[in-house]
Amino acid sequence: MATISDIGVAAAINILSAFAFFLAFAILRIQPVNDRVYFPKWYLKGLRSSPLVNGAFVGKFVNLDFRSYARFLSWMPAALQMPEPELIDHAGLDSAVYLRIYLLGFWTHLVMAYAFTFWTCYMLKREYEIVAAMRLYFLASEQQRPDQFTVLVRNVPPDRDESVSEFVEHFFLVNHPDHYLSHQVVYNANKLSELVNEKNKIQNWLDFYQNKYARNPSRRPSVKTGFLGLWGNSVDAIDFYTCKVERLSRDISAEREKVTNNSKSILPAAFVSFKTRWGAAVCAQTQQSRNPTMWLTEWAPEPRDVYWENLAIPFVFLAIRRLIAAVSFFFLTFFFMIPIAIVQSLANIESIEKALPFLKHIIELKFIKSLIQGFLPGIALKIFLLFLPTILMIMSKFEGFISLSALERRSASRYYFFQFINVFLGSIITGTAFQQLNSFIHQSTNQIPKTIGVSIPMKATFFITYIMVDGWAGVAAEILRLKPLIIYHLKNFFLVKTEKDREEAMDPGTIGFNTGEPQIQLYFLLGLVYAVVTPILLPFIIVFFGLAYVVYRHQIINVYNQEYESAAAFWPDVHVRIIAALIVSQLLLMGLLSTKEAAQSTPLLITLPVLTIWFHRFCKGRYEPAFIRYPLQEAMMKDTLERTREVNLNLKGFLQNAYIHPVFKSADDSDSDIAMEEWEQEPALIATKRSSKRATPMPSKHSRSSLSLPEVNNECSKP
């Protein structure tokens with residue numbers, strides 16, 4: 001087990017690393033040549049101009065104002081000065097609520113040593129109430145958004161007489177006659193999207209070689225046609241990639257023609273828009289037909305939030321895909337215990353000396369010993385976890401979620417569970433209790449908290465080193481943005497030829513909810529578990545929350561791009577994970593006390609998990625509906641105010657192109673204008689081809705006659 005000296009060495013290394021990152025960031029951020037790397041968000045909003053256009057030649061690249069170097073920490077107060085309402089307007093509610101998670105952990109862990117259960121419940125209730133109110137206010141005060149009026153309809157039943165588009169319009173004209181406005185069928189454009197992406201990549205290579213030739217016209221660039229350009233015949237690079245672009249353009253035109261004209265490309269799903277928010281809320285939150293498996297409705301994601309590739313997955317396959325993903329995740333979690341055990345063995349000097357006796361004299365050196373026990377376990381575990389978020393995101397996409405926010409929430413949930421099993425429980429069991437693992441597996445269930453509870457205090461030093469590596473140095477490295485900095489300058493040097501190219505070279509990144517939020521939750525868990533057992537861990541966690549809050553506030557204001565806005569839909573997940581961490585801490589504390597002389601006091605703790613579960617059920621019933629459903633009262637109030645203030649609002653024109661697949665909005669293809677004209681038109685509707693029913697029940701601009709409502713209702717509502 002690591003000693004105080006080992007922890008001191010690890011603390012010194014990580015503090016120096018964090019300070020070096022912050023110092024490098026303070027110097028690099030004020031250099032004009034790096035302005036687009038550290039303030040890309042302002043450029044994307046058009047509120048900041050390049051500092052490279054004026055001044056002397058050296059001043060275009062290096063900041064010659066030496067007084068600015070003395071204010072190297074000025075970014076911290078600047079990051080804290082923006083008021084929260086202004087921050088919501090600037091970066092969205094998702095970003096603002098994400099920051100409140102850090103703020104909550106900061107204040108919760110200050111008082112956890114005194115009354116962790118009741119204080120945590122009080123803070124959770126307060127935050128749930130605040131966030132729910134913020135969400136409702138945000139939805140009420142925001143201008144029109146397409147998703148407020150639109151519902152995603154899935155599992156549209158097949159009809160032998162009508163196309164999907166015709167059947168959808170008939171169904172909603174019958175069942176929502178006063179509120180239905182328009183709809184957009186969903187096309188399977190995945191192959192077309194792949195072709196467009198491939199063309200964009202080839203076009204980038206063509207631009208690269210054209211720029212290279214423009215800088216040196218005396219020599220035409222060449223490229224080898226083999227794998228990755230490593231071997232094969234050498235040909236003219238510009239001609240080679242020009243031919244590829246032309247071929248892909250032809251393929252894209254042919255595929256677009258196939259998608260738009262082939263009825264098999266139309267999926268049994270549609271985005272249906274309504275004249276009012278009230279009408280959309282009623283449709284999204286009610287059952288549409290007798291068969292509960294048909295005409296399934298849900299709130300449409302924000303257009304930026306739609307993950308179009310998964311809309312092409314047949315609805316009936318989703319359950320199978322999620323079962324496969326669950327089984328795969330189980331095996332991934334289980335087999336990852338092996339590298340965790342190896343990582344934990346690094347913290348055991350005796351094990352290393354036994355396996356590698358020839359290194360004994362080197363390992364026994366004080367500095368080397370402290371480095372191995374105090375620094376290497378944390379950094380090794382961090383390296384093992386680097387590729388995990390990518391794997392989990394791939395699994396989430398395989399499951400078929402149709403929005404980016406849902407993908408990130410599912411990935412975050414599994415990432416947290418993975419860390420709970422492997423980083424928390426795995427570190428405890430495979431570390432101090434590894435020799436007792438066989439007995440641990442075969443013992444009764446009620447002995448598990450006792451076994452783990454005994455091991456927890458012994459692993460405090462490991463978690464301290466992990467917090468310093470992952471939390472302190474990791475957060476400091478986040479603000480430095482070393483990878484985007486290098487990539488931007490490489491692109492800027494080799495590829496950039498216009499201002500548009502320079503904007504595309506920027507990589508503002510995002511909050512990364514699928515990785516950041518599970519990290520926060522792990523520290524909540526550690527703080528709750530160790531608040532009473534080993535309080536020395538708390539200052540390290542408090543430093544993380546305080547530092548991370550300032551850093552991520554700065555990044556959200558100046559750097560990160562907002563991919564979507566879910567109006568803090570992730571908050572119920574945050575709440576339930578903190579509740580679970582609280583219950584785990586209570587059970588493990590009971591297990592620890594049962595091994596001490598205070599075992600007779602253990603029954604007194606049984607009340608805490610019961611009260612915590614009751615508290616969770618109360619919050620779930622009181623606040624969670626605000627994150628799942630949209631109150632009809634709120635929808636009607638918003639609609640009434642909007643009709644009063646915007647009498648001439650053209651809602652149909654506003655919603656007409658909102659849910660067109662992005663591939664049809666591409667400006668890179670020569671046929672894009674034609675495609676937009678085709679997709680901007682309302683789907684053509686002809687009289688029904690059924691022998692018994694000749695028209696829709698209500699006059700549509702494409703309809704020729706009408707029938708009585710009861711007759712067609714029976715026909716169009718059938719599954």
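Y98 is buried, at a relative accessible area of 1%; here buried means under 20%, exposed means over 50% and partly exposed is in between, using a 1.4 Å probe and protein chains only. This is a predicted model, where local features need pLDDT of at least 70 and side-chain atom pairs count only at pLDDT 80 or more, while totals for chains, interfaces and linings use all residues. Residues are numbered from 1 along each chain as its sequence is written, and side-chain values use heavy atoms, leaving out hydrogens and water.

**Aromatic pairs**

- Searching the whole structure turns up 36 aromatic pairs. The rings of Phe, Tyr and Trp (for Trp, the six-membered ring) pair if their centres lie within 6.5 Å; planes under 30 degrees apart are stacked, over 60 edge-to-face, and the rest tilted.
- Helices here are DSSP runs of H or I with at least four residues, strands are E runs of at least two, and both are numbered from the N terminus.
- Y552 is buried too, at 8% relative accessibility.
- F172 and W295 also make an edge-to-face pair, with 6.0 Å from centre to centre and 80° between the planes.
- Ring pairs join F167, F171, F172, Y180, F274 and W295 into a cluster.

**Helix α9**

- Helix α9 covers residues 164-175, which is 12 residues, and reaches 16 Å from first to last C-alpha. That is close to the expected 16 Å, taken as 1.5 Å times one less than the number of residues.
- The rest of the structure largely encloses α9, because 10 of its 12 residues are buried.
- Its buried residues include F167, F171 and F172, along with E166, E169 and H170.

**Q148**

- Q148 sits in helix α8 (residues 146-149) and is buried, with a relative accessible area of 8%.
- Its side chain makes a polar contact with the side chain of R277 at 3.0 Å. A polar contact is a pair of N or O atoms within 3.5 Å; within protein, one must be able to donate a hydrogen and the other to accept it, and residues adjacent in sequence count only if both atoms are side-chain atoms.
- Leaving aside residues up to four places away in sequence, Q148 touches L139, E142, Q143, R277, A280 and W299, where contact means heavy atoms within 4.5 Å.

**Cysteines**

- The disulfide count is 0, going by a rule of two cysteine sulfur atoms within 2.5 Å.
- C619 is buried, with a relative accessible area of 0%. The closest cysteine sulfur to its own is that of C121, 7.8 Å away, which is too far for a bond.
- C283 is also buried, at 0%.

**Annotated spans**

- An unreviewed UniProt entry annotates "transmembrane region" over several spans, including residues 460-480 and 574-593; such annotations use the numbering used here with shortened feature names, and may be inferred rather than shown by experiment.
- Residues 460-480 are 100% helix and 0% strand, with end C-alpha atoms 29 Å apart.
- Residues 574-593 are likewise 100% helix and 0% strand, and their end C-alpha atoms lie 29 Å apart.
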